[in-house]
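Biologist: Could you take me closely through one part of this model, the place where two neighbouring elements meet, and then follow one of them into its surroundings?

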Amino acid sequence: MFDKFGEIGSAAEINELAKNMLKEGDIAGIEVLAAENGIDQYDTEDFIAGEVDFLCNDLMAAIGKLDVEHNDLQPKEIIQDWEDYIRIQCQEKKEMAEAVRKKGKSLKGCIGKLLQWSFKNSYEVDKDIVKAAGVSANMVKMGIPGMKQAKKLIMEYYMGSK
């Protein structure tokens with residue numbers, strides 16, 4: 001996923017690296033850096049052309065990281081809903097965008113936290129519901145967090161407990 005440059009922890013670090021490569025004339029390196037970090041090609045071209053003096057801001061860096069992780073994970077259904085919530089929070093809160101970009105934080109890690117909660121808090125589904133679903137198992141358990149709980153867990157994972 002972050003094969004050439006490794007996981008970079010902030011937009012500032014990406015920009016510093018990109019500026020140094022630009023000074024050295026390493027255009028191909030900037031393009032690889034941008035692609036590896038999910039930075040839009042047009043934004044990359046603007047930076048290389050000197051139209052802007054940064055490759056990305058905090059939001060671009062966070063969304064770029066989520067894009068790269070999304071392509072690797074290929075989330076579906078509820079996991080995609082959780083990812084969408086993370087993206088919205090990045091757009092609404094600068095601190096969240098910064099937190100998503102931090103080294104050691106990942107979409108897979110966040111989903112893992114939600115899955116861990118799910119296993120710890122699973123409960124037996126009412127037998128009439130199981131029957132209505134056409135399931136013949138003796139016992140069915142479920143533990144998907146509601147959106148309020150999922151939002152809390154997501155924020156705790158990226159931002160820490162508050």
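**Helix 4 and helix 5**

Modeller: The axes of helix 4 (residues 58-73) and helix 5 (residues 77-92) come within 10 Å and cross at roughly 170 degrees, where helices are DSSP runs of H or I with at least four residues, numbered from the N terminus, and axes are lines fitted to C-alpha atoms over the stretch in contact, with angles from 0 to 180 degrees between N-to-C directions. That crossing makes helix 4 roughly antiparallel to helix 5 (an angle over 145 degrees). The model is predicted, so local features need pLDDT of at least 70 and side-chain atom pairs count only at pLDDT 80 or more, while totals for chains, interfaces and linings use all residues. Residues are numbered from 1 along each chain as its sequence is written, and side-chain values use heavy atoms, with hydrogens and water left out.

At the contact (heavy atoms within 4.5 Å), helix 4 contributes Leu59, Ala62, Ile63, Leu66, Asp67, His70 and Leu73, which meet Ile79, Gln80, Glu83, Ile86, Arg87, Cys90 and Gln91 of helix 5.

Between the two helices runs a loop that holds Gln74, a residue with a positive phi of about 55 degrees although it is not a glycine. Gln74 counts as partly exposed because its relative accessibility is 43% (buried is under 20%, exposed over 50%, partly exposed in between, with a 1.4 Å probe and protein chains only). Glu77, which lies in helix 5, also has a positive phi, near 50 degrees, without being a glycine, and with a relative accessible area of 68% Glu77 is exposed.

Helix 5 itself has 16 residues and reaches 23 Å from its first C-alpha to its last, close to the 22 Å expected at 1.5 Å a residue (1.5 Å times one less than the number of residues). Its buried residues are Gln80, Trp82, Glu83, Tyr85, Ile86, Arg87, Gln89 and Cys90, and they pack against helix 4, helix 6, helix 7 and helix 9.

Two of these residues, Ile86 and Cys90, are among those that touch the most other members of the largest nonpolar core, which has 21 residues (buried Ala, Val, Leu, Ile, Met, Phe, Trp, Tyr and Cys joined through side-chain atoms within 4.5 Å). Helix 4, helix 5, helix 6 (94-101), helix 7 (107-120) and helix 9 (147-159) each supply at least two residues of this core, and helix 9 gives the most, with 6 residues. Ile154 touches Trp82, Tyr85 and Ile86, and also Met96, Cys110 and Leu114, when residues up to four places away in sequence are not counted.

How values were computed:
Angles under 35 degrees count as roughly parallel, over 145 as roughly antiparallel, 65 to 115 as roughly perpendicular and the rest as oblique.
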